[in-house]
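This report describes the overall build of one protein and then turns to a single residue. Please view the sequence and the model together while reading.

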Amino acid sequence: AAMSACEKGQQWILALVLLHAMPRSEVLPNVITYSAAISACEKGQQWARALGLIDAMRQSKLRPNIVTYSAAMSACEKGQQWILALVLLHAMPRSEVLPNVITYSAAISACEKGQQWARALGLIDAMRQSKLRPNIVTYSAAMSACEKAQQWVQALEVLDAMQQSELLPSVISYSAAISACEKGQAWTHALGLLCAMQQSELLPNIITYG
C-alpha cells in the first residue's frame, strides 16, 4: 500500500527507499512491489532506474509480468529511449508474457518520439499478426510518427486503416494527418481532411488550423 501510494504520488525516490528497506524487515519484494516501484520511476521519468529494477527482479528469480513491462516500456517512451522500448517488447515472450495493446502502443509511441515512423508502422503490422486490434491511441501515435517524418502518404494510410477498423478518428488523429499533409505540401488533402472532420461533427482546435 505504501509503495502504491508513492507511485500514485509520483514519489519515485521514496518508492525506491521503501523497496530497498524491505529485506531489512525480513520482507522480500515480490512482483507487485517491484512493479509499483517501476511505475513510480516511470512517472518520475527515471527510465534507467526502471530498467535497473527489471534486472534486479531477474536476479531475484522474479519474472516480470505485463504490468511490469508496460510501466518499464512507458518509462522508456517518456525518456525517448525507443531502442530500449523495442528491446523490452521483444524480451517479453522469453518471460512467457505476451505483449498486449498497451505494451505495443507504448512501443509505438516511443518510436514516434524517436522519429522512427517505419518501425512504428511495422509494430502495427506485428499487432495484426498477433491478432491484436490497434486502438485509437495506437493509430494516433503511428500517425504522429509519420507526421514528424513528413510521411504524409503513410499518415493518410494509417488514418484509412483506422476507419477500416471501425474506429472513429479523434481531433488528435485528424490534426496529425493534416499536419503531415501540410509538411508534405499536400494542401488539397489537408483541406479535404478538415472538411471530413466537420462532417464527423468534430471541432478543429488551434493545432488543426495551425
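How much accessible surface does the protein have, and what share belongs to carbon and sulfur atoms? The accessible surface comes to about 11,200 Å², and 56% of this area belongs to carbon and sulfur atoms; accessible areas come from the Shrake-Rupley method with a 1.4 Å probe, and for residues only the protein chains shown count as cover.

The model is predicted: local features need pLDDT of at least 70, side-chain atom pairs count only at pLDDT 80 or more, and totals for chains, interfaces and linings use all residues. Residues are numbered from 1 along each chain as its sequence is written, and side-chain values use heavy atoms, with hydrogens and water left out.

The secondary structure consists of 13 helices and zero strands (DSSP runs numbered from the N terminus: helices are H or I with at least four residues, strands E with at least two). Along the principal axes, the C-alpha atoms fill a box of roughly 65 × 35 × 25 Å.

| Property of the protein | Value |
|---|---|
| Buried share of the 210 residues | 48% |
| Share of contacts with a separation of 6 or more that join residues 24 or more positions apart | 59% |

Here buried means under 20% relative accessible area, with a 1.4 Å probe and protein chains only, and contact means heavy atoms within 4.5 Å.

Tyr104 is part of helix α7, which covers residues 101-113. Tyr104 counts as buried because its relative accessibility is 8%. Leaving out residues up to four places away in sequence, Tyr104 touches Leu89, Pro99, Leu123, Ala126, Met127, Ser130 and Leu132. Asn65 lies 39 residues from Tyr104 in sequence, and their C-alpha atoms are 15 Å apart in space.

Terms used
Buried means under 20% relative accessible area, exposed over 50%, partly exposed in between (1.4 Å probe, protein chains only).
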